[in-house]
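Welcome! Take a moment to look over the sequence and the 3D view below, and then we will walk through a few salt bridges together.

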Amino acid sequence: IARQIMLLAILPWLILFIGLYIYLLQARLSDLELMQRQRGELLAKQLAVASESAVLTRNRQQLQMLLERSAKDPVVAIGIWDAQNQSLASYENAAGVGNSDSFGADIVLEPVDIAHALLWLGDASGALPNKIGHLELSLSRAAIVSARNRIIGVSLLIGLPMLGLAILVVWALGRRFAQPVIDLTAVTVKLADGDLSVRSPENGA
């Protein structure tokens, strides 16, 4: 029964610690994934805007130069296609494409409002953007994996000693408060066996 009491004392704290550890670890890893997604979407939109004029004029050389200048870590691949899905320019670093996240953005030609009251040219504010191409880029997950492994390692390095200390403290407190129950149980067992000479310990001693 002593072991059962100790287990009941430790188990809730153990469950609480593991649950809190998993929650905090998952929250930190989710933050890393969110940062990766936001970075990829932002880069894709920026490149889509920067390549608008070159796609419109089908200037492949200018597009290729733009991709090569933009191909910095963690970018491992970029591709640009026209509205007919024909490739205009591409860049790929084969070493990092295998473990990467892909993001896309449409390249659109925004309508220019040239309406003027004196020119009677009408109102172009209702015109819709014209899709002239599409861009896709891939970001390496190497930094994400490295950060994830580092976070898990640091968490275990800090968490396991804290868990061990918490178990020792709970064990000591549980044993202190459970000792009277354990002693009383022992006396009850002896009385049941017919030993009437035993006495119940006073004040838990």
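Which residue forms a salt bridge with Asp106? The partner is Lys131, with the closest N and O atoms 3.4 Å apart. This is a predicted model, in which local features need pLDDT of at least 70, side-chain atom pairs count only at pLDDT 80 or more, and totals for chains, interfaces and linings use all residues. Residues are numbered from 1 along each chain as its sequence is written, and side-chain values use heavy atoms, leaving out hydrogens and water.

**Salt bridges**

- The structure holds four salt bridges, each being a side-chain nitrogen of Lys or Arg within 4 Å of a carboxyl oxygen of Asp or Glu.
- Side chains of opposite charge can pair when their charged atoms come close.
- Glu33 and Arg141 meet through their side chains in a salt bridge at 2.7 Å, N to O.
- Asp82 forms a salt bridge with Arg58, and their closest N and O atoms are 2.7 Å apart.
- Salt bridges that share partners join Glu33, Asp101 and Arg141 into one network.

- Arg141 counts as buried at 13% relative accessibility, whereas Glu33 is partly exposed at 32% (buried means under 20% relative accessible area, exposed over 50%, partly exposed in between, with a 1.4 Å probe and protein chains only).
- Asp82 is buried, with 5% relative accessibility, while Arg58 is partly exposed at 37%.
- Asp106 is partly exposed at 41% relative accessibility, and Lys131 is partly exposed at 44%.
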